[in-house]
Amino acid sequence: SVCCTSQLTRRSDGAVDFAFEVRAYGNDALAVSGVTVDGVSPGTVAVSWASGVIQAGDAQLIVLQIGPDAPRSFVARITVHANHTSGTNTTTLTRS
């Protein structure tokens, strides 16, 4: 599930880095098939890691790099697509 650890960094060029963790709770690995970001133009977002396997008990840090051409204010819904059976797979980033 999307973990509660996150950090927002504003860069001097106007871009924003949003780092968050996805954690595989329980006894099974989590197979991530993609990360989508709604609410921001696709051409302004880069995702550091979008698919792979997270072993049980481990976490994967994901950094969204939102470029300086993105709107100065937005609400983005971040969804992690995976084979999870419980927990949440979304988080929200608000830039104002």
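Tutor: Begin with a term: two strands pair if DSSP finds at least two bridges between them. Keep in mind that this is a predicted model.

Student: How many bridges join strand S7 to S8?
Tutor: Strand S7 covers residues 74-82 and runs antiparallel to S8. Pairing takes at least two bridges, and the number that joins S7 to S8 is six.

Student: Which residue in S8 is the bridge partner of Val-75?
Tutor: S7 and S8 are joined by bridges and run antiparallel. For Val-75, the bridge partner in S8 is Thr-94.

Student: Is Thr-79 buried or exposed?
Tutor: Thr-79 lies in strand S7, and it touches Gly-34, Val-35, Thr-36, Asn-89 and Thr-90, leaving aside residues up to four places away in sequence. The cut-off for buried is under 20% relative accessible area. Because its relative accessibility is 10%, Thr-79 counts as buried.

Student: What is the relative accessible area of Thr-9?
Tutor: Thr-9 belongs to strand S1, residues 2-10. Leaving aside residues up to four places away in sequence, Thr-9 touches Ala-15, Val-16 and Asp-17. Thr-9 is partly exposed, and its relative accessible area is 32%.

Student: How far apart in space are Thr-9 and Gln-65, C-alpha to C-alpha?
Tutor: In sequence, Thr-9 and Gln-65 are 56 residues apart. In space, C-alpha to C-alpha, the distance between Thr-9 and Gln-65 is 9.6 Å.

Student: Why is strand S2 described as largely enclosed by the rest of the structure?
Tutor: Strand S2 covers residues 16-23, eight in number. Buried means under 20% relative accessible area. S2 is largely enclosed because the number of its residues that are buried is six.

Student: Which residue in S6 is the bridge partner of Phe-20?
Tutor: S2 is joined to strand S6 (residues 59-66) by eight bridges, and the two run antiparallel. Glu-21 has Leu-61 as its bridge partner in S6. For Phe-20, the partner in S6 is Ile-62.

Student: Which residue in S6 is the bridge partner of Val-45?
Tutor: Val-45 is found in strand S4. Strand S4 (residues 45-47) runs antiparallel to S6, and three bridges join them. Val-45 also touches residues beyond four places away in sequence, including Val-37, Val-40 and Leu-64. Its bridge partner in S6 is Ile-66.

Student: How far apart in space are Val-45 and Tyr-25, C-alpha to C-alpha?
Tutor: Val-45 and Tyr-25 are 20 residues apart in sequence. Their distance in space, C-alpha to C-alpha, is 28 Å.

Student: What is the volume of the largest pocket?
Tutor: Rolling a probe the size of a water molecule over the atoms shows where empty space is left. Of the 14 residues that line the largest pocket, the closest to its centre are Tyr-25, Leu-30, His-84, Thr-85 and Ser-86. The volume of the largest pocket is about 230 Å³.

Student: How many polar residues are in the lining of the largest pocket?
Tutor: By class, the lining has four nonpolar and two charged residues. The number of polar residues in that lining is eight.

Methods
Residues are numbered from 1 along each chain as its sequence is written. This is a predicted model: local features need pLDDT of at least 70, side-chain atom pairs count only at pLDDT 80 or more; totals for chains, interfaces and linings use all residues. Side-chain values use heavy atoms; hydrogens and water are left out. Helices (H or I, at least four residues) and strands (E, at least two) are DSSP runs, numbered from the N terminus. On a 1 Å grid over the protein atoms alone, a cavity is a set of points where a 1.4 Å probe fits but cannot get out, and a pocket is an open set with protein on both sides within 12 Å along at least five of seven lines; lining residues have an atom within 4 Å of a point. Grid points are joined across faces, edges and corners, and a volume is the space filled by probe spheres set on the points. Ala, Val, Leu, Ile, Met, Phe, Trp, Tyr, Cys and Pro count as nonpolar, Asp, Glu, Lys and Arg as charged, and the others, Gly among them, as polar. Buried means under 20% relative accessible area, exposed over 50%, partly exposed in between (1.4 Å probe, protein chains only). Contact means heavy atoms within 4.5 Å.
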